[in-house]
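Here is a short report on side-chain contacts and fold layout. Please read it alongside the coordinates.

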Amino acid sequence: MQAMRDERKGLRQHLKEKLGVPEEELNRIAPTLDAPYFGSGMPVNVDYEHDPTTTNLYVCNLPPDCKLEDIFETFGSFGPLASAKILFPKPEEERYRATLSGFVAFMSRLDAERSMYSMHGDVYRGCELRVSWARPVTMPPLPFYVPPPLRELAMPDPPSGLPFNAKPQTEELRVFLKKYHDLPKLNSTLDTNDVEMCRDYKKMIENSTVRVVVPTERPLLQLIHRVVEFLVRSGPLFEAILMAKERQNPMYR
């Protein structure tokens, strides 16, 4: 970190003495790494290197043709992102910058640490990246970007025809279908007269796997949070009334 500060100090000195860049413009083009890109009004000794709450990274020396999709492919491969931004220079600043800089915030501190230790000093399209901690950002309820492999894991399983979309053991499902030809319809009452079928069905359900997938639709998330609030206040009676009332409502399935 100290080497990066010394390098930035040398750049500022060169811009000021050799190119005559004014102090105000200098703070915008090449701010000190004590308070990167937060304006000259920030305290001089602000340092987020030892702030365990931040997941935000400041990245400099990005290629001049870098796009947001490139950030997704590189930094996004370490985990879901809370936000990402490239600081494109204004036209009058073009002659001072040969590279770009930006911010990448992760949903997880661990992912941010792995990204920083892996990407700092890495040469990306001919540019040696410099990565440091930056000011914490507000965490969104959902990631700004999710890597494709994680996105696939977050997708719900195909409908299984069982309660809670349970996934039965392959062999148990095969035996049940061979014996009874079909699964009981969802939301229907089991034929209690067929004791053996009820027993086999219950056993298959008990051995099934239920995968919980966090929904990505904001209205559904808001509905879930609201229902949980009322359940905590009103208890099982409210749950029973709600289940009976909204039985045909697809939002509650």
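F176 and Y180 sit four residues apart in helix α6, about one turn of the helix. Helices here are DSSP runs of H or I with at least four residues, strands are E runs of at least two, and both are numbered from the N terminus. This is a predicted model: local features need pLDDT of at least 70, side-chain atom pairs count only at pLDDT 80 or more, and totals for chains, interfaces and linings use all residues. Residues are numbered from 1 along each chain as its sequence is written, and side-chain values use heavy atoms, with hydrogens and water left out.

**Aromatic pairs**

Rings of Phe, Tyr and Trp (its six-membered ring) pair if their centres lie within 6.5 Å; planes under 30 degrees apart count as stacked, over 60 as edge-to-face and the rest as tilted. By this rule the count comes to six aromatic pairs. F176 and Y180 form a tilted pair, 4.8 Å centre to centre with 45° between the planes. Both residues are buried. Buried means under 20% relative accessible area, exposed over 50%, and partly exposed in between (1.4 Å probe, protein chains only).

F176 also pairs with Y201: the centres are 6.0 Å apart and the planes at 50°, so this pair is tilted. F176 lies in helix α6 and Y201 in helix α7 (residues 195–206), so the pair ties together parts 25 residues apart in sequence. F176 has a relative accessible area of 3%; for Y201 the value is 9%. Elsewhere, F72, F144 and Y145 form one aromatic cluster.

**Charges over rings**

A charge sits over a ring if NZ of Lys or CZ of Arg is within 6 Å of the ring centre and within 35 degrees of the ring normal. R109 lies over the face of W133, at 3.9 Å from the ring centre. R233 has its charged end over the ring of F230, 5.4 Å from the centre.

**Salt bridges**

A salt bridge puts a side-chain nitrogen of Lys or Arg within 4 Å of a carboxyl oxygen of Asp or Glu. The structure holds nine of them.

| Pair | Closest N and O atoms |
|---|---|
| D70 and R125 | 3.3 Å |
| R114 and D111 | 3.1 Å |
| E171 and R174 | 2.6 Å |

D70 forms a salt bridge with R125. D70 lies in helix α3 (residues 68–74) and R125 in the loop between β4 (123–124) and β5 (127–128), so the pair ties together parts 55 residues apart in sequence. D70 is buried at 13% relative accessibility. R125 is partly exposed at 41%.

R114 and D111 are three residues apart in helix α4 (residues 109–119), about one helical turn. R114 is partly exposed at 38%, while D111 is buried at 13%.

E171 and R174 share helix α6 (residues 170–180), again three residues apart. E171 is partly exposed at 47%, and R174 is partly exposed at 45%. Salt bridges with shared partners join D65, D70 and R125 into one network.

**Strands and the whole chain**

Strand β2 (residues 81–87) is mostly covered, with five of its seven residues buried. Six bridges join β2 to strand β3 (residues 100–106), and the two run antiparallel. Strands pair if DSSP finds at least two bridges between them. L87 has S101 as its bridge partner in β3.

The chain has nine helices and six strands. Buried residues make up 34% of its 253 residues.
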